[in-house]
Amino acid sequence: MAGFDTPVTGRSIEETAISLSSLHQVYKLTLQPLIVEKNKKLDADFSKNISEAISYIKKNTDFILFDRYTFIRDYLNPITKNWVEIRQTSQLWDGKTNAYPFNFNAPTFFEEDSFNANYFLDVNDRNPSEEKIALGKKLFFDKKLSSDGAMSCATCHLPNKGYTDGLRLGKDNNKALLQRNTPTLLNSIYQKAFFWDGRANTIDDQISAVFKNDKEFNTDVHRFSGNILKDTTYITLFKNAFGVVPNSNRETVRAISVYVSTLIGFNSKFDKDLRGETSNFTAEEKNGFNLFMGKALCATCHFIPLTNGTVPPFYKETEKEVIGVPKTSKNKVLDNDRGFYWVFEEDIRDKMFKTPTVRNSTLTAPYMHNGIYNTLEEVVNFYNLGGGAGLGFNLDHQTLPFDELKLTDKEQKNLVAFMHTLTDNTVAGEK
């Protein structure tokens with residue numbers, strides 16, 4: 001419905017109806033006799049919901065005007081709920097697996113547990129015990145992890161700031177500025193690339209790099225800090241979690257990784273409204289979501305519902321884009337940070353950065369890899385103008401459409417209003 005698969009044709013709304021019709025046809029050829037025998041009402045409800053969804057689409061095929069908010073909430077969600085019940089009633093499969101990114105027993109895509117964190121974790125970290133998570137949480141806030149005892153993970157990732165630091169650029173262990181803005185850790189497990197330039201493939205790799213960075217923890221991953229064990233509770237915690245008292249930071253990295261993987265939030269106003277727990281979206285917020293999914297093209301990179309760049313439906317890669325971020329908020333000069341270029345030194349990757357999540361963006365200002373924009377209004381304006389190329393910068397390989405989006409002032413305000421609804425009320429790992 002965002003037009004990601006067929007961006008040129010503008011017919012993705014009509015294709016949604018074809019997909020639903022195909023689903024119903026497959027159902028009739030396979031599971032329907034069994035479901036009719038066990039639960040006639042479920043069969044009737046599913047067929048009715050499919051029919052009503054297709055009918056709604058056929059009456060509203062315009063890509064720009066299509067009301068995705070109403071369609072997902074009132075037409076698509078009942079179908080996914082039916083489908084979970086159909087699969088469970090058939091008893092063909094229990095839906096429990098670490099092989100896929102989804103929790104197949106979640107009734108919609110907007111539940112607290114719709115996504116399977118184990119799929120995104122390193123295989124050695126899956127199904128973490130409560131002991132490992134508790135150890136990781138304690139380590140996360142401990143400054144003794146760094147060589148000089150001056151930094152912890154929480155130094156740069158503050159819970160009350162959406163696990164960022166609120167600064168334009170992060171600070172190193174000498175309080176000097178780092179190269180880039182500090183990204184949020186909320187829902188960061190749902191990525192296949194870490195750091196702004198995407199150079200780390202796993203969260204373990206990302207944390208290990210912080211340990212080794214002489215501007216951050218400055219501690220070799222293979223050398224365990226004896227200062228940690230001066231807190232004798234760690235001896236018990238490590239033994240309970242891993243069965244050993246460590247002599248390297250390997251267990252420390254793994255424990256922090258599994259703790260960070262619990263910093264999950266799908267309890268925003270948006271989530272609660274989409275799954276039908278509340279009905280208090282304003283007209284501006286609703287229009288903002290429809291713009292995000294349609295005319296403004298946001299969801300072609302910030303995929304709903306995660307709103308990050310991890311590409312559905314298989315979630316095996318996180319997109320990196322060339323969008324042409326300026327050096328300052330004056331939008332006069334292109335930033336000289338080359339991003340992902342350094343990995344392969346190919347021009348096509350010059351100034352390429354990972355697509356971050358838009359969730360909790362109300363809490364995580366300033367924005368962009370260099371923190372130049374203080375407000376979401378500035379960010380929306382940048383995209384509305386066509387990114388770097390739209391600003392007049394010479395970018396041969398910009399992946400963002402460089403034409404102006406031609407959003408009105410009202411539409412830009414509606415987009416920001418929607419993004420404010422993505423702020424989580426609770427975060428799982430903080431409980």
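Predicted model: local features only at pLDDT ≥ 70, side-chain atom pairs only at ≥ 80, totals over all residues.
Let's start with residue classes: Ala, Val, Leu, Ile, Met, Phe, Trp, Tyr, Cys and Pro count as nonpolar, Asp, Glu, Lys and Arg as charged, and the others, Gly among them, as polar. With that in hand, look at the largest cavity, whose lining has four nonpolar, two polar and three charged residues.

Residues are numbered from 1 along each chain as its sequence is written, and side-chain values use heavy atoms, with hydrogens and water left out.

What is a cavity, and what is a pocket? On a 1 Å grid over the protein atoms alone, a cavity is a set of points where a 1.4 Å probe fits but cannot get out, and a pocket is an open set with protein on both sides within 12 Å along at least five of seven lines; lining residues have an atom within 4 Å of a point. Grid points are joined across faces, edges and corners, and a volume is the space filled by probe spheres set on the points.

By this rule there is one cavity of 30 Å³ or more. The largest cavity holds about 50 Å³ of space. Its lining is made of Ile323, Gly324, Val325, Leu334, Asp335, Asp337, Lys351, Phe353 and His369.

Now for the second largest pocket, with about 1,500 Å³ of space. It has 39 lining residues, and Met1, Leu76, Phe102, Phe109 and Pro313 are the ones nearest its centre. Sorted by class, that lining has 26 nonpolar, 10 polar and three charged residues. Helices (H or I, at least four residues) and strands (E, at least two) are DSSP runs, numbered from the N terminus. Helix H1 (12-29) and helix H4 (68-90) each supply at least two residues of this pocket's lining, and H4 gives the most, with eight.

Is Thr89 buried or exposed? Its relative accessibility is 18%, so Thr89 counts as buried (buried means under 20% relative accessible area, exposed over 50%, partly exposed in between, with a 1.4 Å probe and protein chains only). Leaving aside neighbours within four places in sequence, Thr89 is in contact (heavy atoms within 4.5 Å) with Ile35, Lys38 and Leu42.

Helix H16 covers residues 409-420, and its 12 residues should span 16 Å at 1.5 Å a residue; the end C-alpha atoms are 17 Å apart, which agrees. The expected span is 1.5 Å times one less than the number of residues. Buried residues in H16 are Glu411, Gln412, Asn414, Leu415, Val416, Ala417, Phe418 and Met419. Their cover includes helix H11 (269-274), helix H12 (283-293) and helix H14 (376-384).

In H12 you'll find Gly288, which is buried with a relative accessible area of 0%. Not counting residues up to four places away in sequence, Gly288 touches Asn414, Leu415 and Phe418.

## Aromatic rings

Rings of Phe, Tyr and Trp (its six-membered ring) pair if their centres lie within 6.5 Å; planes under 30 degrees apart count as stacked, over 60 as edge-to-face and the rest as tilted. The whole structure has 36 aromatic pairs. Here are two of them.

| Pair | Centre distance | Plane angle | Type |
|---|---|---|---|
| Tyr100 and Phe104 | 5.6 Å | 85° | edge-to-face |
| Phe211 and Phe217 | 5.1 Å | 90° | edge-to-face |

Phe211 and Phe217 are both buried. Tyr100 is partly exposed at 43% relative accessibility, and Phe104 is partly exposed at 27%. Tyr100 and Phe104 also belong to one aromatic cluster, whose members include Trp93, Phe102, Phe109 and Tyr315.

Where are the cis peptide bonds? One joins Ile304 and Pro305, with omega about 10°, and Pro305 sits in the loop between H12 and strand E1 (320-322). Another joins Ala365 and Pro366, with omega about 0°; Pro366 is in the loop between strand E2 (352-354) and H14.

Leu297, in the loop between H12 and E1, has a positive phi of about 65° although it is not a glycine. Gln91 has a positive phi too, near 60°, and is exposed at 65% relative accessible area.
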